[in-house]
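Dear colleague,

I am handing over a structure that you have not seen before, and my notes on it follow below. Please read them with the model open beside you.

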Amino acid sequence: MNEASPRLHRKLKFAGCLIMLGLLIEATTLYWSQPLSFLGFIGIGGFLVTAGIAVYLLSIVDE
Amino acid sequence: MLENLAFAIIIILGLMLIGLLVIRPALTTARGGKILAFIAFFILPIAATGFGTRIHLEHSKSTQFCLSCHVMEPYGKSLYVDDAAYVPASHFQNNRIPREKACFTCHTDYTMFGDLNAKMRGLSHLYIYYVKGAPPKLTLYEPYKNRECLHCHANARSFEERSPHKEMRDQLINNEMSCLACHSTNHNVEQLDKARMWKGPNA
C-alpha cells in the first residue's frame, strides 16, 4: 500500500505543473489594474489551478 | 498591503513545495509527504486564489481601473474641469472623495449588497465592452439615488443646517426630490471641449 504507483506519480507531476502554471499566471495578472487582467486571473489562472486540484484529488481517490 | 504580502508568501511557498513534489513525487509515499502534498496541491492554491481575488476586487475599485476602458476616458477627463459647478469635478479636486477611488465612491449603491451588485454589473460591462461593443451614449441603469450623496452628506453640518437642504431634508432623505434637481451639472462630457481644465495637484 505504501508503494505508490508510477501512474500516481505521473498524475501528481501533471497536477503540480497545472497548479504551478496557474499560480504563476495568477501572480502575473496582479501587476495590472485592468478588467482584462481580472479575466486572465479567473479565466486562465483560476481554471488551471482548479484543473490541477481536480487532477490531484482524483489521483489520490483512484489510488 | 497585508493581502499582497500574504499572497506573495503563499505563492512562493506553494511554488517551492509543488516544485519539490513534482521533482520528487516519491516523497508522497510517506505519511508526512501525503500531508505536504495536500497542503501544496490543495490548501495553498485555494488560499492564493482567494487572496488574489480579493486583491483584484480592491483593484477594481480604483479610478485607474474604471478609466482603463476607453469609453470612460471623457468621464475621467470631466473630473479635471476647472469649474466648481461640476459636481464630480469639485468633489474630485477638493478631496471630498478619495481620488484613487473616485468612480467607485459615487457609483456604488450603498446598500447591503451594493458592492456585490457593482461587481456583477462590472462583469456584464466586460461582456458588453469586449463582445457586444459599448453603446455610443452611456447611461446609468437607474436614476441616480440620493442615498449615494447622503452616504457622506447626511448628518454633515452643511447639509443639516444650511438652507434649502434644511427645509427639504425629509424629501431628500426619502428620495422624493433628487439632489440632481439642483446640482445638475455633472460629468457633461458633451461639453468637455469647451471647458477649461485643471492641470492637477502637481501642476
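Within what distance do the axes of H1(A) and helix H1 (residues 2-23) of chain B come, and at roughly what angle do they cross? The two axes come within 9 Å and cross at roughly 160°, where axes are lines fitted to C-alpha atoms, for helices over the stretch in contact, and angles run from 0 to 180 degrees between N-to-C directions. H1(A) and H1(B) are therefore roughly antiparallel to each other, a term for angles over 145 degrees.

Before going further, please note that this is a predicted model, in which local features need pLDDT of at least 70 and side-chain atom pairs count only at pLDDT 80 or more, while totals for chains, interfaces and linings use all residues. Residues are numbered from 1 along each chain as its sequence is written, and chains are lettered from A and ligands numbered from 1 in the order in which they are written.

Among the residues where the two helices meet are A:Gly16 and A:Leu23 in H1(A), and B:Gly14 and B:Leu15 in H1(B); contact requires C-beta atoms, placed from the backbone, within 7 Å. The residues of this helix contact divide into eleven nonpolar, three polar and one charged, with Gly counted as polar.

As for the chains, their contact takes 25 residues from chain A and 28 residues from chain B. On the side of chain A that touches chain B, helix H1 (6-29) and helix H2 (35-62) are the elements that give two or more residues, helices being DSSP runs (H or I) of at least four residues. The largest share, eleven residues, comes from H1(A).

With regards

Conventions
Parallel < 35°, antiparallel > 145°, perpendicular 65-115°, else oblique.
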